[in-house]
Amino acid sequence: MKILIVDDDKDIVELLSIYVENEGYEVEKVYNGKEALSKLNMNPDIALMILDVMMPQMDGMEVIREVRKESQIPVLILSAKTDDLDKIQGLVQGADDYVTKPFNPLEVMARVKSLLRRAEHNVKNNEPDQIEIGPLIIKKDSHEVKTLEGKEIKLTALEFGILHLLASHSNRVFSADEIFERVWQQESVVSAKTVMVHVSHLRDKIEDATNGEQVIQTVWGVGYKIESH
């Protein structure tokens, strides 16, 4: 399994490469955004990208925007920016997780493994492959979401995870902490804002495809749910 590391700081790339290889993964290394896109195009078997934000030629946010036009590969952002707005911007653009510099390489690897577990659908349960709820048809195994009229809604892996969780437990309210722990498969830390951003982005995509229909409801002070009718 290959992991692409993208950072203009070669010391960081080499450090992370050691930890990635120690976990048994193959490493691809590039040092700017344009090289990252080229490497992804040439290596469709890359399973995950660790991506710096501040880089020459093309920054990380632009890389994510380009990648999300064609691929739902998990993306873990590395950034020296610690402001919440910067984190939110990265998540909105389509990143799956965010680590600020300076970082602990062990934390980075824990997040990498969590993202890969989720992407490989290793969580086995008895939920149906296809769910029809409201205006949506949700297919678990293929990660497809369409409207009843057949319009496809393209979602990131995390957005799909949230939608499938809520849809497969209709009428149940999930707190932000519960959503984070089930979808991210990590213990909840400061998850509320992260979940809020992904739910907001998910809602926008659903509403754009369904002429404004509000599928995900907020239960103020508690969490989120999808009602079955």
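Helix H6 meets helix H7 through Leu158, Gly161, Ile162, Leu165 and Leu166 on the H6 side and Ile179, Arg182, Val183 and Trp184 on the H7 side, where contact means heavy atoms within 4.5 Å and where helices (H or I, at least four residues) and strands (E, at least two) are DSSP runs numbered from the N terminus. The model is predicted, so that local features need pLDDT of at least 70 and side-chain atom pairs count only at pLDDT 80 or more, whereas totals for chains, interfaces and linings use all residues. Residues are numbered from 1 along each chain as its sequence is written, and side-chain values use heavy atoms, with hydrogens and water left out.

The axes of H6 and H7 come within 10 Å and cross at roughly 115°; such axes are lines fitted to C-alpha atoms, for helices over the stretch in contact, and the angles run from 0 to 180 degrees between N-to-C directions. The crossing of H6 past H7 is right-handed, a crossing being right-handed if the near helix is turned clockwise from the far one by less than a right angle, and left-handed if anticlockwise.

The largest nonpolar core has 29 residues, and those with the most contacts inside it are Ile138, Leu163 and Ile179. A core of this kind is a set of buried Ala, Val, Leu, Ile, Met, Phe, Trp, Tyr and Cys residues joined through side-chain atoms within 4.5 Å, with buried meaning under 20% relative accessible area, exposed over 50% and partly exposed in between (1.4 Å probe, protein chains only). At least two residues of this core are supplied by each of strand S6 (130-133), strand S7 (136-139), helix H6 (157-168), helix H7 (176-184), helix H8 (192-209) and strand S10 (223-226), and H6 gives the largest share, 7 residues. Leaving aside neighbours within four places in sequence, Ile138 is in contact with Asp129, Gln130, Ile131, Ile133, Glu144, Val145, Phe160, Leu163, His164 and Ala167. Apart from this core lies another, of 21 residues, which includes Leu4, Ala36, Met49 and Leu51.

Three strands form an open sheet in the order S6-S7-S8 with antiparallel pairing, two strands being paired if DSSP finds at least two bridges between them. Its edge strands are S6 and strand S8 (144-147), each of which pairs on one side only, and neighbouring strands are turned by 15° against each other on average, direction ignored. H6 packs on this sheet, touching S6, S7 and S8, and its direction makes about 110° with that of S7. S6 and S7 are joined by 4 bridges, with Ile137 in S7 as the bridge partner of Glu132, and in their hairpin, which has 2 residues between the strands, Gly134 takes a positive phi near 55°.

In a regular strand the side chains alternate between the two faces of the sheet. S10 pairs in the antiparallel sense with strand S9 (residues 216-219) over 4 bridges.

The other sheet to consider is an open one of 5 strands, with the order S2-S1-S3-S4-S5 and parallel pairing. Strand S2 (26-30) and strand S5 (97-100) are its edge strands, each pairing on one side only, and the twist averages 20° from one strand to the next. Strand S3 (residues 46-52) is joined to strand S4 (residues 75-79) by 4 bridges, and Met49 has Val75 of S4 as its bridge partner. Helix H1 (residues 10-22) packs on the sheet, touching strand S1 (2-6), S2, S3 and S4, with its direction at about 165° to that of S2. Helix H2 (residues 33-42) likewise packs on the sheet, touching S1, S2 and S3, with its direction at about 140° to that of S2.

The axes of H2 and helix H3 (residues 60-67) come within 9 Å and cross at roughly 25°. The two helices, H2 and H3, are therefore roughly parallel to each other, a label given to angles under 35 degrees, while angles over 145 count as roughly antiparallel, 65 to 115 as roughly perpendicular and the rest as oblique. Gly33, Ala36, Leu37 and Leu40 of H2 make the contact with Val63, Glu66 and Val67 of H3.
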